[in-house]
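These notes are meant for someone opening this model for the first time. Please read them with the structure in view, point by point.

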Amino acid sequence: MENERLELEKEFQHLLETHNAGPVDRALMTKAWEFAKLSHGDTLRKSGELYISHPLKAAQLLCDWGLDTTTIIAELLHDTIEDGGATREDLVSEFGEEAANLVDGVTKVSNLRLKGSTDNVFVETFRKMVLVMAKDLRVVFVKLADRTHNMQTLSALPPEKQKRIARETLEIFAPLAERLGMGLVKAQLEDLAFKHLYPEEYTKLIEDSKPFYKEATAHTDKMRTTIEKALEAEKIHSEVNGRQKHLYSLWRKLSRKEIDRDFEKIHDIVALRILVDKVPDCYAALGIVHALYKPVPNLGISDFIAQPKPNGYRSIHTKVFGPGGRIVEVQIRTFQMHAEAENGAAAHWAYADAKSKGVSDKILEGGHVQVDTKLTWVKELVAWQNQLTDSEEFLKAVKFDALSERNFVFSPNGDVYDLPVGSTPVDFAYAVHTNLGSYIQGAKVNGKIVPLNKTLKSGDVVEILKSKNIHEPNRDWLRFVVTTTARRQISKILNK
Ligand code: MN
C-alpha cells in the first residue's frame, strides 16, 4: 500500500503541473487532496485499489478537459460526503459555498428517505443534480468525470451492477455529454457502455471491422498526402489527420435499414480531418479538396460553420469521390473549433475562466463564438424538475425530450431548433413559443402545406401559418405530439 500511496502522490503532483495555476490555487488543491485522503483513509475500491485513486483520476480528467480550480477541487472531494463521512458544512467552511454545492449536486440521495427501488434513488439523485445545474453548470462536468472513471473501472463490479450502470450511461450520461458538445467524452462513454452491455456484439464488431478500418486508413492516407501538398502550395497552414469512427457509432450506423450491415456503405468509417487557423482558410481548403476530388452529388456539403448545430458543433463536412471512385468524408474546421468539438461546453468554460483571469481576447479569439450558458434544454430540465412530481414522468421527459436523438429543423428566417425525432409542426410551434400554439392554423414544410401531424426530418424548413385570433388547441393534437412541452401546454389549456 505504501508504494501505491507514493505513486498517487506523484499523480497528484502531475495534476498540479498540468493544471498550471497560481500558488493560491495550488494551495487550495493540495488542501482538498489532503482532506480527501483523510476522509477516505484506507478504504479500498472493488478493484482493490485505494479509494482515493478514484477522485484523483477523475480530477485529472477535468484538468485535461480544461476546467477551472473550483471544479477540480470539487472532483477531489466529490465522494467525501457519500463515502467519506464528511458533511456539507465541513466542505463549506473549508472550501467555500461553490465547491460544496458542486459536491452536494453529485451526492446520492440517501436510501433511507426513499421507499423505492434503485431506480428511484437514481431519479431523485439526478433531480438533485438538475437543481444544482440551474445555478452552476459545472456540476455536470464533475458528474461526467466521475462516471467516465467509473466506466473505465467497471469490470471490478458484479455483472448485474455493470449492466445497470452501463445502461444508465448509454441512456443518460453519453447523451448529456453529446448535448454539451463534448464529443470525445460521449464517444468514450458509449464505447465503454457498449462493451459491458453487449459484450458479444462488441467483440464480434471489433473482429469484423478490422479489415475495413485498415483498408479505409490506407485509402485516406494516400489522399492525405495529396491534400497536404496542395494546401502547402497555397501556403495554408494546416494539419491533416484521419479520424476513425468510434465503435458504438459504427454499430448504430450498421443497424440502419438503408445500410443493412454492409460496411461498404459506411463512407466515414475513417474520415479525413483538415485543421486550419482561420475561418476563411476552411473555405479555401474546401475549394482545394473539391478541385482534387469531385464532390458526390446529393450527399453534398454540410456547412456547420455558417449554420452551427444547436450544441455548438462547427465544421464543414463534404463527401467526395476519392481515388478509385471510393466515397470519403472530409471534415474541415479551425483548430479552435476542433478543441470545442472534442471538449464542448468544458472548452467554453475554460475560455470564460481564462478571460476572467485577464488573458487578452486576442489570444483567446481565433473564431470563437460566445457560448450560450443558459442552454435551452438545461432550462427545460429545470422546469420539468419543478413541474413533474412523478419520477417516471420526469425520467421519461429527461430521456426523450432533453437527451434523445435530435432532428435539426429551421424557421423560415434560418433559426435552428433541435427537436426529438418524431416531432411534428405542432411540437415545433410550442418549441418556438408556447403562445404560438394558440395561433396554429396550418403549417408549411419546405414551402408546401402539410398536415399538422407530419413527422419532421432534419433540414426541414417549418413555417407555422397563424390565425388572426387566439384559439384553443385541438384535442386531437394530443394524439401525435411527442414533446413534453407541447403535451403539457395543450392539456393545461384544455383542462382549464
Ligand atoms: Mn465517484
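1. Of the 496 residues in the protein chain, 49% are buried, where buried stands for a relative accessible area under 20%, exposed for over 50% and partly exposed for the range in between, with a 1.4 Å probe and protein chains only. The accessible surface of the chain, computed by the Shrake-Rupley method with a 1.4 Å probe and, for residues, with only the protein chains shown counting as cover, comes to about 24,300 Å², and 52% of that surface belongs to carbon and sulfur atoms.

2. The model is predicted, so local features need a pLDDT of at least 70 and side-chain atom pairs count only at pLDDT 80 or more, while totals for chains, interfaces and linings use all residues. Residues are numbered from 1 along each chain as its sequence is written, and side-chain values use heavy atoms, with hydrogens and water left out.

3. On confidence, the mean pLDDT (the predictor's confidence in each residue, from 0 to 100) of the protein chain is 89, and 93% of its residues reach 70 or more. Residues 360–374 need caution, as pLDDT stays under 50 over them, and the model has 22 contacts beyond four places in sequence for this stretch; a contact here is a pair of heavy atoms within 4.5 Å. Where pLDDT is low, the predicted coordinates should not be read in detail.

4. As to overall form, the chain holds 18 helices and ten strands, which are DSSP runs numbered from the N terminus, helices being H or I with at least four residues and strands E with at least two. Its radius of gyration, taken over C-alpha atoms, is 25 Å, which agrees with the value near 23 Å that a compact globule of 496 residues would have, the globule rule being 2.2 Å times the number of residues to the power 0.38. Along its principal axes, the C-alpha trace spans about 70 × 65 × 50 Å.

5. Among contacts between residues at least 6 apart in sequence, 66% join residues at least 24 apart. The mean positions of the 68 positive and 70 negative charges are 6 Å apart; Lys and Arg count as positive and Asp and Glu as negative, without His or the chain ends, and each charge is placed at NZ of Lys, CZ of Arg, CG of Asp or CD of Glu.

6. Lys235, in the loop between α10 (199–233) and β1 (238–244), has a positive phi of about 60° although it is not a glycine, and Lys235 counts as exposed because its relative accessibility is 75%. Arg261, in the loop between α11 (247–254) and β2 (270–276), also has a positive phi, near 60°, and is a residue other than glycine; at 47% relative accessibility, Arg261 counts as partly exposed.

7. Leu144 belongs to helix α7 (residues 138–152) and is buried, since its relative accessible area is 0%. Not counting residues up to four places away in sequence, Leu144 touches Trp65, Phe173, Ala177, Leu180, Met182 and Leu189. Thr169, 25 residues from Leu144 in sequence, has its C-alpha 9.6 Å from that of Leu144.

8. Lys37, within helix α2 (residues 23–40), counts as buried because its relative accessibility is 17%. Beyond residues up to four places away in sequence, Lys37 touches Glu9 and Ile52.

9. Val416 has its place in strand β7 (residues 416–420) and, at 27% relative accessibility, counts as partly exposed. Apart from neighbours within four places in sequence, Val416 is in contact with Gln307, Pro308, Pro310, Phe408, Val409 and Phe410. Glu228 lies 188 residues from Val416 along the chain, and their C-alpha atoms are separated by 34 Å.

10. Towards the end of the numbering, helix α18 (residues 484–494) has as its buried residues Thr484, Ala486, Gln489, Ile490 and Leu494, and the elements covering them include α15 (376–387), α16 (391–402) and α17 (425–432). Leu478, in the loop between β10 (462–466) and α18, is partly exposed, with a relative accessible area of 27%. Leaving out residues up to four places away in sequence, Leu478 touches Arg487, Ile490, Ser491 and Leu494.
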